Amino acid sequence: MILKCAIIDDEPLAAELLASYAKRTPELNLTGVYNSAVLAMKELRGNPVDILFLDIQMPEISGLEFAGLLPESTRVVFTTAFDRYAVEGFKVNAADYLLKPVSYESFVAAVSKVAEWFGAKEHADALSYDKFVYIKSEYKLIRADFNDIVYVEGVKDYVKFYFGDKRKPIMSLINMKRVEDCLPNPPFMRVHRSFIANMAKVDMIDRSRMVVGGVYIPISESYKEQVQAFIDKHSIF
């Protein structure tokens, strides 16, 4: 996968260093190097990139403000000399945060992280479009339509898929994070460390638990906020 990238940094030497890194990295196609955020904004509006290396402290507009103007498809890697911006950086969904002087090793690690994100997104988009998945169970690949999956349970090193019809649950040697990344959200949502629910199949929600397919499954404190946000969007009070 080749990622289109650009660099915005008002310090010419810092921008040149990152540009030299980008040119050395086979996975990157460098389309622009900018010392002005305002100029970059005009250029990138008509020619968006996959990954943007963005300085935070700039005179015209801060990198944090600039990041808020970008499309969701552009992944931002902040570059700065100050670690105090780390929390603010991740609040705007930054892919990574590199401290100056940036080493080539940390640069490549950030690129790899973004490439993994795009790979996972491409896979998830394909699954969402096709609306089914093949689940590996022992030596077989078993097709499961998303609409048939009621909930998923993590059981030690395995994951168990439960269905609304009379089909028996399918056990697969895979972790919950991988399943969570593959199943489209919505309607699937992580509601507990050990459970992912098809929210379109939820019959009833009662405080810290829900009924899915006639079975009570818990809602943990860590996931209550996102479950409540989903409920609010689908409620009549």
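Which residues make a nonpolar surface patch of about 360 Å²? The patch is made by Val155, Tyr158, Met171 and Leu173. The model is a predicted one.

**Surface patch**
- Tyr158, one of the residues that make the nonpolar patch, lies in strand β9, which covers residues 158-163.
- The relative accessible area of Tyr158 is 39%, so the residue counts as partly exposed, a class that lies between under 20% for buried and over 50% for exposed.

**Helix α1**
- Helix α1 covers residues 12-24, 13 residues in all.
- From its first C-alpha to its last, α1 reaches 18 Å, close to the 18 Å expected at 1.5 Å a residue.
- Buried positions in α1 are Ala14, Ala15, Leu18, Ala19, Tyr21 and Ala22.
- The buried residues of α1 line one face of the helix, because they fall within an arc of 160° when seen down its axis.
- In general, residues three or four places apart in an α-helix point the same way, because there are 3.6 residues a turn.
- Leu13, Glu16, Lys23 and Arg24 are exposed and sit on the face of α1 turned away from its buried side.

**Cysteines**
- Zero disulfides are found in a search of the whole structure.
- Cys5 has a relative accessible area of 0% and is buried.
- Cys182 is also buried, with a relative accessible area of 12%, because the cut-off for buried is under 20%.

Definitions and conventions:
Residues are numbered from 1 along each chain as its sequence is written. This is a predicted model: local features need pLDDT of at least 70, side-chain atom pairs count only at pLDDT 80 or more; totals for chains, interfaces and linings use all residues. Side-chain values use heavy atoms; hydrogens and water are left out. A disulfide is a pair of cysteine sulfur atoms within 2.5 Å. Buried means under 20% relative accessible area, exposed over 50%, partly exposed in between (1.4 Å probe, protein chains only). Helices (H or I, at least four residues) and strands (E, at least two) are DSSP runs, numbered from the N terminus. The expected span of a helix is 1.5 Å times one less than its number of residues. The arc is that of the directions from the helix axis to the C-beta atoms. Patches are made of residues with over 30% relative accessible area and no salt bridge: like charges are joined within 9 Å, nonpolar side chains (Val, Leu, Ile, Met, Phe, Trp, Tyr) within 5 Å. Accessible areas come from the Shrake-Rupley method with a 1.4 Å probe; for residues, only the protein chains shown count as cover. A salt bridge is a side-chain nitrogen of Lys or Arg within 4 Å of a carboxyl oxygen of Asp or Glu.
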